[in-house]
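Welcome! Please take a moment with the sequence and the model below, and then let us walk through them together.

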Amino acid sequence: MNSALLAVILVAIFLLLVLTRRKGGHRGDSRQGRPGGHRADSRQGRPGRHAPRGFGRRGSARSRKSPAGNGFDGAGYWNARDVQFRQEDRPPVDARKARGLEAALADDVHGKFGEAATSALVARAASSDRRKHFILQNVFIPTHSGYTEIDTVLLHVTGIYVFETKNISGEIEGDLDMERWNQELGPRVHHTLYNPIRQNTGHMGALLRQLKVRLESASIYSFVVFSDRCALRNVPASGKFGNNGNGWRVLHLCELRESLEHAFSSRPQVYDSRTLESWWQALQPCVNVPESVRQNHVKSVQKLHTT
C-alpha cells in the first residue's frame, strides 16, 4: 500500500469520526432540553400555545411509552435519573382514631377543608420566612377546553409554588407513567384517581401561559399533598424538570411545612416584589370567577378524575 492511499484512508476515518461525534452531541442537547437545543425549544409551552402532550418515563431500568396527557414534553423536560420513589409507609394518622382537625378533614366530601389546611400550612411557612409573597386559592385558569383549577398558588421571591391537595384515605399506589393511580380502601373497595403529578404538571403549564412566562426561564415547583390518613405505596416521591432545578414532590400533609421551609432557606431569591405583585394582579380575574364557572368545573372534574 503506497503512502498516498494510506493518507486518503486516514483522512476518511477522521472525517467519519468527526461527523459521528457531531450527530451524537446534537441529539444529547435536544433530549435534555438544554438552551439552544432545537428540539426542546420548538416543543416548549410558549405563551399562546397549549402545553405539549406526553409525560416522560419512569425512573427504572424498565421503560415504556407513556400515554398522552396534559403536561410538559417528557423528552424535553423529564429526566428519569432524577426521579425518586417512596418506600412503603404507614399513614401518620389512623383514620379510625382521628380526632380534632383530622376528624374534620376526614368528613370532607368535596375536599375543600383539605385544600384550606394546605393553604394554611403554606401561609405559616411563608410567613415564618418573612419575605415577600402572595397566596392565592382556587385559581381558575382558562384553557382551550374550559377551565383548570389550581388549589393553591404561592408566589414567592424564591419561585412559583403550585399545590394540588388530595384529601383522601386508604392505600395509594401509582407509577409516573400511569394515567390513573389506584386507591384501596379495603379488600372489596377500590377506586382510581387521575395521576396527580401529571394533573399538577398541567396546572403549572396553564399558570405559566397565563403569566406569560416561559418554562426555561421560570423557577416553578409542584407539590402534591396527600392526607395524613393514607399510605403511599412506592409512588414517585420527587423529580426534576426544566433547566433551573425545577421539581416536584409527593408528600403527606404533615411533611409540607418543613419541606417548604427547607425550600425557602436553600433557594436564592429570583423574583423581586414588583414582579410578584404584577403576577398577583394578573391572576385576580382567575380567582374572582362567576359561580357558574365553579359549578361547571366541579361537574367536569367528577367525570374526568373519578370512577
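## A first tour

Cys286 is buried, with a relative accessible area of 3%. A word of care before going on: this is a predicted model. Cys254, by contrast, is partly exposed, with a relative accessible area of 48%. The closest cysteine sulfur to that of Cys254 belongs to Cys230, and at 9.8 Å it is too far for a bond. With sulfur atoms having to lie within 2.5 Å for a disulfide, the count of disulfides comes to zero.

Now let us turn to strand E4, residues 159-166. How many of the eight residues of E4 are buried? Eight of the eight are, so the strand is largely enclosed by the rest of the structure. In a regular strand, side chains alternate between the two faces of the sheet. Here both faces are covered: one side carries Gly159, Tyr161, Phe163 and Thr165, the other Ile160, Val162, Glu164 and Lys166, and all are buried.

| Strand pairing with E4 | Residues | Sense | Bridges | A residue pair |
|---|---|---|---|---|
| E3 | 146-156 | antiparallel | five | His156 and Gly159 |
| E8 | 220-226 | parallel | seven | Phe163 and Phe223 |

The link from E3 to E4 is a hairpin of two residues.

The largest nonpolar core has 39 residues, and Val139, Leu155, Ile160, Leu207, Ile220 and Phe226 touch the most other members. Among the elements that give two or more residues to this core are E3, E4, E8 and helix H8 (273-287). Helix H6 gives the most, with six residues. Leaving aside residues up to four places away in sequence, Ile160 touches Leu154, Leu155, Leu207, Leu208, Leu211, Ser219, Ile220, Tyr221, Tyr271 and Trp279. Another core, of 17 residues, lies apart from the largest one; its members include Ala117, Tyr161, Leu260 and Ala263.

Helix H5 is our last stop. The 18 residues of H5 (residues 112-129) should span 26 Å at 1.5 Å a residue, and this agrees with its end C-alpha atoms, which are 26 Å apart. Its buried residues include Gly114, Ala117, Thr118, Leu121, Val122 and Ala125. An α-helix has 3.6 residues a turn, so residues three or four places apart point the same way. Just after H5, Arg130 takes a positive phi of about 65°.

Terms used
Residues numbered from 1 in each chain as written. Predicted model: local features only at pLDDT ≥ 70, side-chain atom pairs only at ≥ 80, totals over all residues. Heavy atoms only, no water. Buried < 20%, exposed > 50% of the residue type's maximum accessible area, 1.4 Å probe, protein only. Helix = DSSP H or I, 4+ residues; strand = E, 2+ residues; numbered from the N terminus. Pairing = 2+ DSSP bridges. Expected span 1.5 Å × (residues − 1). Core = buried A, V, L, I, M, F, W, Y, C linked by side-chain atoms within 4.5 Å. Contact = heavy atoms within 4.5 Å.
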